[in-house]
Amino acid sequence: MNRLFLLLLLIVLVVIACPTANVATRVLNQAANLEAPQIPVTGQQAFDGCGGPIIQSIDPDFEQAVVEQTNQVRMQNGLPPLKRADNLDESARYHAADMSVTDYFNHNTFNREDDKLTQVCNTWNRIEFYYKNWVALAENIAAGQNSPSMAMDGWMNSPDHRHNILSDSYWEIGVGFYQGKGEYRYYWDQNFGRRDGVYPLVLDGEKAQTQSSKVPVHIYGKCNEMRLRNDQGAWSSWLPFQSSFDWTLPASSGSHTVTAELRGSSGHTITSDIIELAP
């Protein structure tokens with residue numbers, strides 16, 4: 001019995017849930033003291049400001065999984081899926097890497113000199129460096145979780161993080177994951193946003209790949225009419241605007257782009273999304 005009790009103690013994960021702006025979700029991972037792999041990064045000198053460097057993803061599948069799981073939860077709760085935005089990815093990825101390399105855990109951005117942390121800027125200044133003309137922003141961070149599902153579970157079990165995930169204030173999402181030598185080894189960041197004049201089109205819950213040529217579409221915003229096309233093909237006729245509907249992709253496998261042109265009393269705009277149709 002004592003041996004079983006000790007074994008259970010060794011594998012326990014301590015989860016601390018926290019709100020959006022100045023606290024976050026943290027997990028003490030049992031593997032944190034193992035030697036972390038050497039992950040290529042620009043170097044600590046790249047993290048001496050309030051954002052800027054573009055950090056390459058070290059695990060695109062992990063990041064995509066968080067996007068898809070977030071949208072799955074939203075759709076289960078009657079909310080539309082979020083569109084993945086490159087500049088929110090860049091903001092989230094920078095912060096996840098910075099927390100690892102500089103060895104801190106906070107929504108705000110810090111530098112470390114002589115083992116002393118000094119705040120450089122706050123959350124919103126850093127996100128805005130990458131994501132301009134925003135009208136709404138939020139962030140979830142986590143540390144110690146070694147899988148997308150663990151990170152999502154932590155956020156969904158925290159009321160403030162759950163609120164961000166299930167808010168109708170945001171239309172776009174970015175995700176950053178980094179694994180390095182920081183205290184918690186695994187670092188996660190979700191950035192949520194909405195921009196003035198940007199009306200995202202989302203295919204099939206922002207999945208990277210689909211096995212069906214018939215896919216659900218969601219378009220944010222309001223207008224009077226819309227027309228659509230696949231890839232560089234012919235436009236459909238003008239149709240009354242709908243925010244959610246089904247659309248048929250070309251039957252050929254591979255990457256396909258669906259583009260919508262929207263028009264109304266305030267003008268017109270073009271929006272699109274890309275998805276891979278599996279063989």
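This is a predicted model: local features need pLDDT of at least 70, side-chain atom pairs count only at pLDDT 80 or more; totals for chains, interfaces and linings use all residues.
Local features need pLDDT of at least 70, side-chain atom pairs count only at pLDDT 80 or more, and totals for chains, interfaces and linings use all residues. Residues are numbered from 1 along each chain as its sequence is written, and side-chain values use heavy atoms, with hydrogens and water left out.

Strand 12 (residues 225-230) runs antiparallel to strand 13, and two bridges join them. Glutamate 225 stands opposite proline 240 in strand 13.

Salt bridges (a side-chain nitrogen of Lys or Arg within 4 Å of a carboxyl oxygen of Asp or Glu) number 10 in the structure. In one of them, aspartate 89 pairs with arginine 84, with the closest N and O atoms 2.8 Å apart. Both residues are buried (under 20% relative accessible area, 1.4 Å probe, protein chains only). Another salt bridge joins arginine 195 to glutamate 172 (2.6 Å, N to O). Arginine 195 lies in strand 8 (residues 186-195) and glutamate 172 in strand 7 (residues 172-179), so the pair ties together parts 23 residues apart in sequence. Arginine 195 and glutamate 172 are both buried. Salt bridges with shared partners join Glu63, Arg84, Asp89 and Arg93 into one network.

Note on methods:
Two strands pair if DSSP finds at least two bridges between them. Helices (H or I, at least four residues) and strands (E, at least two) are DSSP runs, numbered from the N terminus. Buried means under 20% relative accessible area, exposed over 50%, partly exposed in between (1.4 Å probe, protein chains only).
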